[in-house]
Amino acid sequence: MYLIVGLGNPGLSYRKTRHNAGFLALDKLAELARISIKKKQFSSLTGEGTVDGKKVLLLKPQTYMNLSGDAVGQALRYYQIPPENLIVLYDDVALPVGALRVRGHGSGGSHNGMRSILAHLGTENFPRVRIGVGQDTSLQLRDYVLKRPGKDEQKILATTYDRAAEAVTLILAGKLDAAQAKFNSK
């Protein structure tokens, strides 16, 4: 089984913000795979199904971003899923709007949700898909990521979520290198 996590913040006020890019990309994957993410467990909303023939648990932590590791740790322990079968989707201000970066391992950088997951797991060795949301240096970082993107950005991000879902499918098929070659921005 694989655990695929989209990072974001719960609640309507955060629903379409840049910081919820992970939730929105996971929603796209769920839509394509016809998986409903509604069950409440592991301090999260979850849905089970298959993607490209692989059994998956889709997870949207409801703990707020800074505590995402709590929810991810609960699910991994319960299902005895090894960390290498975890895939995390999340926003990245260091990437331009619409860019993707697929990695097989690495640090959490400045992303508090990833830092929380890394602290709970004690390993960096799991794939992740970083979704570029850009950055506006005239705003505080917190204010920028918790703001909804404009209409032009929303259009770009909508296609980016499709591409992120495709990247996850390649990772599940054991084609991490192909996903990196196809989606990583130069």
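**Note on the predicted model**

1. Asparagine 125 touches Pro83, Glu84, Gly104 and His105, leaving aside residues up to four places away in sequence; contact here means heavy atoms within 4.5 Å. Asparagine 125 sits in the loop between helix 3 and strand 7. Helices (H or I, at least four residues) and strands (E, at least two) are DSSP runs, numbered from the N terminus. From asparagine 125 to threonine 50 the separation is 75 residues in sequence and 23 Å in space, C-alpha to C-alpha.

2. On the basis of the values: this is a predicted model, in which local features need pLDDT of at least 70, side-chain atom pairs count only at pLDDT 80 or more, and totals for chains, interfaces and linings use all residues. Residues are numbered from 1 along each chain as its sequence is written, and side-chain values use heavy atoms, with hydrogens and water left out.

3. The sheet is open, has 7 strands in the order 2-3-4-1-5-7-6, and shows mixed pairing. Two strands pair if DSSP finds at least two bridges between them. Strand 2 (39–41) and strand 6 are the edge strands, each pairing on one side only. From one strand to the next, the twist averages 25°. Axes are lines fitted to C-alpha atoms, for helices over the stretch in contact, and angles run from 0 to 180 degrees between N-to-C directions.

4. Buried means under 20% relative accessible area, exposed over 50%, and partly exposed in between (1.4 Å probe, protein chains only). Arg128, Arg130 and Gly132 point one way from strand 7, while Val129 and Ile131 point the other way, and all are buried. In general, side chains in a regular strand alternate between the two faces of the sheet.

5. Strand 7 has two partners to report. Strand 5 (residues 86–92) runs parallel to strand 7 and is joined to it by 5 bridges; aspartate 91 stands opposite isoleucine 131. Strand 6 (residues 100–103) pairs with strand 7 in the antiparallel sense over 4 bridges. In that pairing, arginine 103 has arginine 128 as its bridge partner, and arginine 101 stands opposite arginine 130.

6. Helix 1 (residues 21–33) lies across strand 1 (2–6), strand 3 (44–51), strand 4 (54–61), strand 5 and strand 7. Helix 1 runs at about 145° to strand 4.

7. Helix 2 (residues 68–79) and helix 3 (residues 112–121) have axes that come within 7 Å and cross at roughly 45°. That makes helix 2 oblique to helix 3; angles under 35 degrees count as roughly parallel, over 145 as roughly antiparallel, 65 to 115 as roughly perpendicular and the rest as oblique. The crossing is right-handed, where a crossing is left-handed if the near helix is turned anticlockwise from the far one by less than a right angle, and right-handed if clockwise. Ser68, Gly69, Asp70, Val72 and Leu76 of helix 2 meet Gly113, Ser116, Ile117, His120 and Leu121 of helix 3. By class, these residues are 4 nonpolar, 5 polar and 1 charged. Ala, Val, Leu, Ile, Met, Phe, Trp, Tyr, Cys and Pro count as nonpolar, Asp, Glu, Lys and Arg as charged, and the others, Gly among them, as polar.

8. Helix 5 (residues 151–172) packs against helix 6 (residues 176–183) at an angle of about 155°, with their axes 7 Å apart. Helix 5 is therefore roughly antiparallel to helix 6. Arg163, Glu166, Ala167, Leu170 and Ile171 in helix 5 meet Leu176, Ala178, Ala179, Lys182 and Phe183 in helix 6. The contact has 7 nonpolar, no polar and 3 charged residues.

9. Phenylalanine 183, in helix 6, counts as buried at 5% relative accessibility. Its contacts, not counting residues up to four places away in sequence, are Leu100, Val102, Arg163, Glu166, Ala167 and Leu170.

10. Two backbone angles deserve a look. Most residues other than glycine have a negative phi. Arginine 34, in the loop between helix 1 and strand 2, has a positive phi of about 60° and is exposed, with a relative accessible area of 77%. Phenylalanine 42, in the loop between strand 2 and strand 3, also has a positive phi of about 60°, but is buried at 12%.
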